[in-house]
Amino acid sequence: MAASAKRVEQLDRVVIRFAGDSGDGMQLTGDRFTSETAQLGNDISTLPNFPAEIRAPAGTLPGVSSFQVHFADYDILTPGDAPNVLVAMNPAALKANLAELPAGADIIVNTDEFTKRNLAKVGYATSPLEDGSLGDYAVHPVALTSMTVGALADSGLSKKDAERAKNMFALGLLSWMYSRPFESTLRFLERKFAKRPDLVAANKAAFQAGWNYGETTEAFSVRYEVKPARMRPGTYRNITGNQALALGLVAAGVRAKLPVFLGAYPITPASDILHELSKHKKFGVTTMQAEDEIAAIGAALGAAYGGALGVTTTSGPGVALKGETISLAIALELPLVVVDVQRAGPSTGMPTKTEQADLNMALYGRHGEAPLAVIAPKSPSDCFHAAIEAARIALTYRTPVILLSDNYVANGSEPWLLPSVDELPDLRVEYAREPNTEDGRFLPYLRDPETLARPWAIPGTPGLEHRIGGLEKADKTGDISYDPANHEFMVRMRQERIDAIPVPDVDVEDPEENARVLVLGWGSTYGPIGAACRALRQRGLSIAQAHLRHLAPLPANLGEVLAGYDRVVVPEMNLGQLASVIRARYLVDAVPFNQVSGLPFTAATLENMLEDVVKNG
């Protein structure tokens, strides 16, 4: 592919959204464009958005699937509030996304799909391409389908099969427009369709045709370039949150010198963790797809009893089913990592949409006094480090840990700086090997004075036989006990063990050191909050930001931090769960700002709200 002779303009950032029917391959197209962009060295952030149905009716609004990618020559924090460019493969894709486009945005539209039948499916009485309703936008009509079929006329494929390659035509055109490298996409196609050489040739030809169309048509007179971002030196790869979390669990097993056992039942949006971990058997990872959620966690807890790093992955409905076994793990005081990739509820809710509404369930969703540790990653790449931290706490303090990811973090992607393995924490844990009393007995609940953790005795170790089960344990001996004083002691001890876990102090970003408003977030709100605060500071307003990774126990300095500000605002994708915790724990008038639309906050929404708080109190 020759270099273009057309005029080239420099941009500092671009937001592109690919949108089409569920069968149009928009997720694949967006993922390939993202990979090309990552290879070029831009900072990137992505937002896939797709229906829960396997195949919604073709050409309808419920069937629209989209993939948004934000790339820039500087550090970015979100996938962008609104696209500069919309690629609409049909009328449904245009109608579903039009309201979010700013005036002047580019719309590349597949004119072949704007038939009377397809227009009627989404309520268009006349074609928006002809009635003047798109006058505020730069519309680029492209006959994507027919040009793809024409480019593949000699491929031997049927017309229907040839049409399926139209997403590669669109990808070729956008790759040309934004000066993306393409070699990795061609190699990807060779791998993906390795058993079908005809499809390899067809998709590569469609990609080439899209590139050539951009090069030769007068409809696109300008190409754009976004220079690489200045980033810390090192090796990077593009990674999703689920991939990063899986690799973090692998790394934790290696650093702990323990086998990793995952018991999982497939559930959106957590299933990709199971898929990724199943690829890493050579690192001592065993994965089991169980018949249900209860069996999955039961197997993981059994593996923990047997000396492995036990892990189970799920989403909100699965956590509800796992509750009794999580309580059992708390009573047994065994290490267990429970990953909850949150989605919109209640019940089945909206499986492919995001929410942060499982915090209360993670903190309190068990019978009795059943404390455990809870942490939440802030971004896709941070899932790697959050997984290692969850494993560290579980192994060191012999407790279940709930790791609260969410759909936005799990399926979004960003560049990840590969860490040095030597810099990862040493997670090695010593099993109990011999009796722990002077008279030669083994007391399974005799605690380490520093961590308050009980010994981890592997079944079959001579002389270390001990009782397990869900009935209340007697202090030290682990015998069944109904003694009131013992129960009071064990309940308080389990809570004390969690409360005593040392977690890092919360850091505050307050560049001017004179802000009176603090924005407190957790989990995936980090990016939108950070982008909003950055924008306000650029406009001369002082505002502070703090973000929580550890939600149980909370950082020791949090109360002091909160007391240093006149107003504390807590944006959450729920109805105010963290705000309620902060109010109850610290008696601070935390102001909740809530959204439960199934979509992440936009930076603009938070910027407008926070500007009002800063100016008006």
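Helix α9 is mostly covered, with 13 of its 16 residues buried. The model is predicted. The helix runs over residues 241-256. From its first C-alpha to its last, α9 reaches 22 Å, close to the 22 Å expected at 1.5 Å a residue. Just after α9 comes Lys257, which takes a positive phi of about 55°.

Leu336 counts as buried because its relative accessibility is 0%, under the 20% cut-off. What is Leu336 in contact with, leaving aside its neighbours within four places in sequence? The list holds Ile297, Ala300, Leu301, Gly310, Val311, Ala329, Ala394, Thr399, Pro400 and Val401. Leu336 can also be placed relative to Gly253. The two are 83 residues apart in sequence, and their C-alpha atoms are 13 Å apart in space.

The nonpolar cores come next. The largest has 98 residues. Leu520 and Leu578 have the most contacts inside this core. Helix α14, residues 382-397, provides the largest share of the core, eleven residues. Around Leu578, the contacts beyond four places in sequence are Leu359, Leu520, Trp522, Leu548, Leu551, Val570 and Glu572. Another core lies apart from the largest one and has 45 residues. Val85, Leu157, Phe188 and Leu189 are among them.

Empty space was then examined. Rolling a probe the size of a water molecule over the atoms shows where such space is left. The count comes to one cavity of 30 Å³ or more. About 120 Å³ of space lies in the largest cavity. It is lined by 14 residues, and the closest to its centre are Leu47, Pro48, Asn49, Thr352 and Asn407. Strand β3 (43-49) and helix α15 (407-411) each supply at least two residues of this lining. By class, the lining of the cavity has six nonpolar, seven polar and one charged residues.

The largest pocket has a volume of about 1,100 Å³. Its lining is made of 38 residues, and Gln27, Asp31, Thr240, Asp272 and Asn411 are the closest to its centre. Several elements give two or more residues to this lining: α1 (26-40), β3, β4 (64-72), α7 (183-192), β9 (236-240), α10 (271-277) and α15. Which element gives the most to the lining of the largest pocket? Helix α1 does, with six residues. By class, the lining of the largest pocket has 14 nonpolar, 16 polar and eight charged residues.

The second largest pocket has a volume of about 890 Å³. Its lining consists of 35 residues. Nearest its centre lie Asp75, Ser379, Ser381, Glu414 and Pro415. The elements giving two or more residues to this lining are β3, α14, α15, β16 (413-417) and α17 (526-538). The lining of the second largest pocket divides into 18 nonpolar, nine polar and eight charged residues.

Strand β3 and helix α15 each supply residues to the lining of the largest cavity.

Key:
Residues are numbered from 1 along each chain as its sequence is written. This is a predicted model: local features need pLDDT of at least 70, side-chain atom pairs count only at pLDDT 80 or more; totals for chains, interfaces and linings use all residues. Side-chain values use heavy atoms; hydrogens and water are left out. A nonpolar core is a set of buried Ala, Val, Leu, Ile, Met, Phe, Trp, Tyr and Cys residues joined through side-chain atoms within 4.5 Å. Buried means under 20% relative accessible area, exposed over 50%, partly exposed in between (1.4 Å probe, protein chains only). Helices (H or I, at least four residues) and strands (E, at least two) are DSSP runs, numbered from the N terminus. Contact means heavy atoms within 4.5 Å. On a 1 Å grid over the protein atoms alone, a cavity is a set of points where a 1.4 Å probe fits but cannot get out, and a pocket is an open set with protein on both sides within 12 Å along at least five of seven lines; lining residues have an atom within 4 Å of a point. Grid points are joined across faces, edges and corners, and a volume is the space filled by probe spheres set on the points. Ala, Val, Leu, Ile, Met, Phe, Trp, Tyr, Cys and Pro count as nonpolar, Asp, Glu, Lys and Arg as charged, and the others, Gly among them, as polar. The expected span of a helix is 1.5 Å times one less than its number of residues.
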